[in-house]
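Please open the structure in your viewer and keep the selection tool at hand.

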Amino acid sequence: MRSPRRIRRTALAALSAGVLLAVAGCGEGGDRTAKGTTGTAEAKDVLLQSLTSPGPGPFTASTARAAASPSPTGAPDAEPTSATRTVHPVSGAVPGLYGGTRSVAACDVEQQAALLADDEDKARAFADASGIEAVQIPGYLKSLTPVVLRADAQVTNHGYSAGSATAFQAVLQAGTAVLVDSRGMPRVRCACGNPLRPPVVADGKVAHRGERWPGYDPSRIVAVEPGVKAATSLIIVNVDDNSWIERAMGDSGGRDRAPDDPPPFEPDADLLFPSPGRPTESAPPDTAPSDPDPSGPSEPEAPTDPGPAEPSDDFGETPPEEPWEYEEEGDPDVAPEPTQVFPAEPDEPWGPDGPVEPVGPDEPMEAGLDDVFAG
């Protein structure tokens, strides 16, 4: 006999599933899937969300402006239910990651704030998912920058259900209007008002739910990571004429201008995904000789004995890698400094012609280089 706690848990799960399916089916153009993903952040179950689809549990009506149609980036995946994907981490500060139209905001920020203000429950759930207080929503939204994605991007999306935000993994189509923060992170999806968080990416096989769009390629998905520091502006691509735009953070396009220092590549460069046959800028230079020796590779040189290490006044100094060489300087007849340590003298010093008379204390002592540095 099952325990009352297990029966209660099963009933709650069934009730939640019914609510989620009802929410997912109420929006026109919503994603109809064999298995709903709202209510879970499972990384192996990912919902595909096209440009205008509100998806399950939208927080608000769409506040996205008319979006330019993204150019296809490849043939659709041949397997509709699952695929082995490659998700590329990329900094939100990369120029060209986002696009837009000069002097035109991708989202109506004022309308977005007003729609959330009209529903206290949704406002509270939105604030909880965004990590802020409900009273901070208007200022928070105005601090974000409206742009459009230029690559399919995985995010942790949030639907609204039963007074709370329910997390799920989603891939947003390139061209989707989003609001990003000062580190380039997507924070709001304008087609539904849903709060966004960084994705939870799984390796290997992943179930893809929802309708795929032309050009969707599971190996060309980005996961945006926060920039190293907060930026005052973003360098985006003008989708109308393929030029660079510098857009100030928190601005809706009124202060757009051409950047004073544009990126060193074209706006349409495939910066995120270099082709396999083309070397990247980070690849090491080719060190092969331009005119190889026809006689074949030469024998490696024998290692050189570096000899004794050079003394140093700094005890933490690393000895030099090159062999130490001594250069004789000055008058060899001059006595060394009193602090110089010499090897012990033999009892009876001998010279080339026999015994040598001891040197008196007032006469300078002579020492050869071999004697000074022996031992």
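This is a predicted model: local features need pLDDT of at least 70, side-chain atom pairs count only at pLDDT 80 or more; totals for chains, interfaces and linings use all residues.

Ser103 is found in the loop that runs between β4 (98-100) and α2 (109-117). Most residues other than glycine have a negative phi. Phi of Ser103, however, is near 65°, a positive value.

Next, select Ala162, in the loop between β6 (153-161) and β7 (164-172). Its phi is also positive, near 55°. Is Ala162 buried or exposed? Ala162 has a relative accessible area of 77%, which is over 50%, so the residue counts as exposed.

Now turn to the aromatic rings. A pair of such rings is described by the distance of the centres and the angle of the planes. The whole structure contains four aromatic pairs. For one of them, select Phe59 and Phe126: the centres are 6.2 Å apart and the planes stand at 75°, an edge-to-face arrangement. Phe59 belongs to the loop between β1 (45-49) and β2 (82-84), and Phe126 to helix α3 (residues 120-130), so this pair ties together parts that are 67 residues apart in sequence. Phe59 is buried, at 2% relative accessibility, and Phe126 is buried as well, at 0%.

Finally, select Trp213 and Tyr216, both of which are buried. Their ring centres lie 5.3 Å apart with the planes at 75°, so this pair is edge-to-face.

Key
Residues are numbered from 1 along each chain as its sequence is written. Side-chain values use heavy atoms; hydrogens and water are left out. Rings of Phe, Tyr and Trp (its six-membered ring) pair if their centres lie within 6.5 Å; planes under 30 degrees apart count as stacked, over 60 as edge-to-face and the rest as tilted. Helices (H or I, at least four residues) and strands (E, at least two) are DSSP runs, numbered from the N terminus. Buried means under 20% relative accessible area, exposed over 50%, partly exposed in between (1.4 Å probe, protein chains only).
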